[in-house]
Amino acid sequence: MDPIELLNMGNPEYGEQEFLCYQVLKEMRQQFGRDMPKTEFYKLCYIVNEELLDKGVDVELPVHWYRYGGVLTTQAMNAGFYNLEEKRWSSNRGNNVVLNDEVSEDDFEVSDEKKAEIVDIASETVREFGNIYGTKKKKDYQYDHYAPNEFVRILDKYREYLDDMEELDRIDSDSYVSNVDVSFNDIVSSPSSSIDNSSQDTSEQKEEIRGYLDKLAKVYPEELYEGMYPLFLEWESLSRQLIKNGNFSQLFNFTEDFWKTFSRVELRLKHERNTPNLKKRKWARKKKTEKEDFKEEIEKYRAVVLQNREQTSKLHTVADSYSETVRDLFEELSQ
Amino acid sequence: MVQLKVLDTGVLLGMCIEIDQHHTKCIDYVVNDGCEKVYITPTVGSEFERKSSEIRQKLSQSIIKHRQKVVKEMNNDQLSRKALGYIRDTVLEGGNRAYRFLYEYYSKKMKNRVSVDKLEIVMDLEDMETEVWEDACKEHGGWKSLVSGWTKGINPYPDIENKLLIYEGDDRDVCLEAHHVAADTGKVTELGTTNSKHFIDKKSGESESRKDNILRITELEDVKDLSCGKVPTNN
């Protein structure tokens, strides 16, 4: 036996947290004979952890809420018991999580009692979710059961709605705007069928989208997410202008940008457990630049909106009092 | 015959954001009478970018917050005159920066309509919060097409600086930069300002009016008062 191995005998390398994740990987292999992508793995571990917490079993798994739901904070764990292998699925590329065959149960330090619970729940969870490849069902489950609040839940539904809108629906040739990044797909896809036929659908879609934005504004937790509140207001306002102009694919991209920033500025810091302090400080330091980057995005989308919107003059009906307000504000800022 | 005009920040504001008679006054100053060039000097340029952005942001966000509040608190799709009054007098917060013109907006609506679709109000508010960001010079080709940035650098003028009465905030720099344009080009140059208090009037305790002081010490030909007809205060 290798002297190092001898030394490590009786010195388990991994703890309860890692055992939970290890068990999830093992169960998937045993029950369904497959490995899974990183994203699916994170979600299942998160779910198993929540179910265990429900039973009063806390392995102090480091987790946080992020763009698509609850995930593992992998950098906070000793991840040597698995490897990431690059994989291709149709047009996507990602990483599969593959158990390190050299690792066995003995390498994990965990009480028998907890072990039994973990094995139990991991087995059950994998059984429920393992037969469906991909993350949608798990993500939906997470959002239904564990979403931090209504705002986060509705934003997910909204993003899903925008995503589900047919590629063809998203490209309205009349609303193609130069000088703004569009995907290659956007450009080559053929435009939707005649404006007359699609206008009915389009107005229904616009109404649906407005409904989502109304709901989001209604439930936005101002105090909890104070940091992102001003940017939320501007995003919400510009989104409405984008809808008006029928810029659906711009709306989708804008929403994704918003959510990415929101996840980094608010979600992962406000809804986390067992994150090491170093990691938390790193995330906190990044908040400022994330917000500044998104402010730049807002400026770009605003420029597009202003360039393409139908001219209105509602402020002109109150021109005097509006202009006076502007002057007073200018004076105030000049003090 | 004026050859060059240099603008103060307030004039740019009048051109780009304001939309009342003062706006017309500022546009007329810049567009008509055929002077060679209208300059924006560095201090004015950066002050304008900063302040106009902040003003637009504050006002736009105030309208947005109010709009969201209307949707949250008014459940009916149709709003009666009474409901509009309720929005104006209760939903609209006194501390809202857009209070003055939103109050007027609702008053006008109440005067002209017996009932109105809630959606119409919401759409009007959406328009307003976006119009705040519009360039009021758009129909003249945008403000950047009407003015030129002074890019040839500014010299220091310690002697002039010492004798200038104007000292508030960026105003002294604005004045010195305008002087530099006149000195550097050798052309008949005037400064247009909306800030009569600091650039034109005589302040108590000072030996001469600000305008006289500027014209005596610098090479500016004139300081044009483009302020609104507000009641002058004694300072």
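**Entry 1: cysteines**

I looked up Cys16(B) and found it buried, with a relative accessible area of 0%. Buried means under 20% relative accessible area, exposed means over 50%, and partly exposed lies in between, for a 1.4 Å probe and protein chains only. I note that this is a predicted model, where local features need pLDDT of at least 70, side-chain atom pairs count only at pLDDT 80 or more, and totals for chains, interfaces and linings use all residues. Residues are numbered from 1 along each chain as its sequence is written, chains are lettered from A and ligands numbered from 1 in the order in which they are written, and side-chain values use heavy atoms, with hydrogens and water left out.

A disulfide is a pair of cysteine sulfur atoms within 2.5 Å. I searched the whole structure and found 0 disulfides over all chains. Cys45(A) is in none either; its nearest cysteine sulfur is that of Cys21(A), 3.8 Å away. I found Cys45(A) buried as well, with a relative accessible area of 0%.

**Entry 2: rings and charges**

Rings of Phe, Tyr and Trp (its six-membered ring) pair if their centres lie within 6.5 Å; planes under 30 degrees apart count as stacked, over 60 as edge-to-face and the rest as tilted. I picked Phe41(A) and Tyr42(A), whose ring centres are 6.2 Å apart and whose planes meet at 45°, so this pair is tilted. Phe41(A) is buried at 0% relative accessible area, and Tyr42(A) is buried at 13%.

I then looked for charges over rings (NZ of Lys or CZ of Arg within 6 Å of the ring centre and within 35 degrees of the ring normal). Arg159(A) lies over the face of Tyr68(A), 4.6 Å from the ring centre. Lys215(A) lies over the face of Tyr212(A), at 5.1 Å from the ring centre.

**Entry 3: chain B**

I found 10 helices and 7 strands in chain B. Helices (H or I, at least four residues) and strands (E, at least two) are DSSP runs, numbered from the N terminus. Of the 235 residues in chain B, 54% are buried. The C-alpha trace of chain B spans about 65 × 40 × 25 Å along its principal axes.

In which order do the strands of the open sheet in chain B stand? The order is β5-β2-β1-β6-β7, 5 strands with parallel pairing. Two strands pair if DSSP finds at least two bridges between them. β5 (148-149) and β7 (222-225) of chain B are at the edges, each with a single partner strand, so one side of each has no neighbour in the sheet. Strand β2(B), residues 37-40, pairs with β5(B) in the parallel sense over 2 bridges. Ile40(B) stands opposite Gly149(B) in β5(B).

**Entry 4: one threonine**

I ended with Thr261(A), which is in helix α11 (residues 248-270) of chain A. Thr261(A) is buried, at 4% relative accessible area. Leaving out residues up to four places away in sequence, Thr261(A) touches Met228(A), Glu290(A), Lys291(A) and Phe294(A). Contact means heavy atoms within 4.5 Å. I also checked Gln31(A): Thr261(A) and Gln31(A) are 230 residues apart in sequence and 38 Å apart in space, C-alpha to C-alpha.
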